[in-house]
Amino acid sequence: MPRVRNTKKPPKGPSVVDRTAPQAEQETRGGAEKAAELLGSLEAAQQDTTSHSVIQVAPDTIAPHPDNPPHRYQDTEQLRETADSMAEHGVLQPLVVATRAAVVADAPALADTIDAAAPYVILAGHRRWAAARLADLAKIPVIVRDDLASHAAITKVFLIENLHREGITPLEEADGYRRLREQGMTERQIAAAVGKSQSHVHKRLQLLTLPQAAKDALQVGDITITDAQHLLHKDLPKNRRERAFATARETGIAVEAAVKREIALAETEKRTAELRQRLQDEGVPEIDPREMFGADAWQHRLQPEHVEPEREAGHLAGAQIIGGSLAYYSTLPNPDIRASLDAQNQKTNTSPAPATRTEDDERDATLFQARQAHLDAGRNRNEAIRRLLTDHTQLKPTTIIDILTDGVLVGEVENGVFHYDAAVRGWLDVEVEDAPELDELIASDRRQAQRLALAVSLAALEHDASDLVYPSGRTWPRPVARHVRRLAELGYHELSEYEKDKLAASDAAAATEDDTTDAA
């Protein structure tokens, strides 16, 4: 498809100043610039001991600024080394302070939060002040700068400084960005002020939308920042985040897998709603086959090719939503069974005997139901594989190696691109007609080639898993069992009862085989 370019020309005229920007936005920009200028002024003031007089004052005559978080300067253990150095060498860099009167004049609301007995308030140097007190110094050097006492700007400075401290947690960082945003700064301005990318700031702010339980776990280190970002996946509805996190905690599966499971469930629910609407539009009732037909429900289920003829004949009884697809049922036994009964009647040239269920009938019903469950599970796994291949760049290398290994172990991967062409085309948006095209793809598009290799291995595994020999009682071989279990553990697939039974049988057979090998 040719690339579409934007050919619309920008309007002519000066573009240095956006004269249409709202006044509030310009004021916000001005506030952010003022904070940045003030931060620079404070840093310069601490270095400049010539332009402004340095005076010696008692630490007890200085009050901490009420807007600076106390935990920054109250950790005695962290301050001890600095205090010991000060006891030996004194305070080498003066603090920057303002008079209490200047601070209160700019922000009267702070009057009740600043010690009335302290004539000075710290603007820069809270940790040095705390360390000097710990060292029990009688006097410390300060520079008085009432011209830097602006409350609105100094609050931003404290927040920006706090974001640079060691040991800050992701949530504390996010909360700092939130407070800066509340002070009128944009994400771009915050990023510039703290030396981070705008994307980093945005992702941190997103952490504040996590469920409270997830935030608590992140704060104490029970989950990683990567886990938290998985919970913020764009395809995971916000109202499902809490359930995804609870699933991960209760079951012990990875948060990423729990998220993918919730996304799959959300997609299934959406698909179910669409199918329900489709049935309403078609005028086909949604039914419970077991309730309508009893133990003979399996005889009434229609194969896809039989649905339209039965609809036209007026035999359609209804449909059941299974996973993400529709299973239609006829008021009569399905055409295959009717044809079998007709053939038997013609052979015996007699009327059918009254319906009585024999052991053979029971065995046939059980086998048919197992076969149908087998096919339903296979359809659902196909959708799971499609989602997995969409996310293939997020898979761990060990997972990719496991898939490729198991694909090779089940065999038939040689020329698999062409052997499993239908399945691969159903999962990927790529078609390879012949060997030269495959060679070109491998050489020119490594990302697509990697997806194709994964798809071929998955197709080989799924081809074996879907073999119709398994409903009759044969157990899945180990690579196939790992394939089915892996789709579920990665969160792309919800195991059906049929699959759970097959996995249990496969595990039991593998255990028996291992015991036999050990005994030998």
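Local features require a pLDDT of at least 70 and side-chain atom pairs a pLDDT of 80 or more, while totals for chains, interfaces and linings use all residues. Residues are numbered from 1 along each chain as its sequence is written, and side-chain values use heavy atoms, without hydrogens and water.

The pLDDT (the predictor's confidence in each residue, from 0 to 100) averages 80 over the chain, and 79% of the residues score at least 70. Where pLDDT is low, the predicted coordinates should not be read in detail.

The axes (lines fitted to C-alpha atoms, for helices over the stretch in contact, with angles from 0 to 180 degrees between N-to-C directions) of helix α5 (residues 151–162) and helix α6 (residues 170–182) come within 10 Å and cross at roughly 160 degrees. Helix α5 is therefore roughly antiparallel to α6, a term for angles over 145 degrees. Lys156, Leu159 and Ile160 of α5 meet Gly176, Arg179 and Leu180 of α6.

Helix α21 (residues 435–444) and helix α22 (residues 446–465) pack at about 120 degrees, with axes 6 Å apart. The two are therefore oblique to each other, the class left after angles under 35 degrees (roughly parallel), over 145 (roughly antiparallel) and 65 to 115 (roughly perpendicular). Leu438, Leu441, Ile442 and Ser444 in α21 meet Arg446, Gln448, Ala449 and Leu452 in α22.

Definitions and conventions: Helices (H or I, at least four residues) and strands (E, at least two) are DSSP runs, numbered from the N terminus. Contact means heavy atoms within 4.5 Å.
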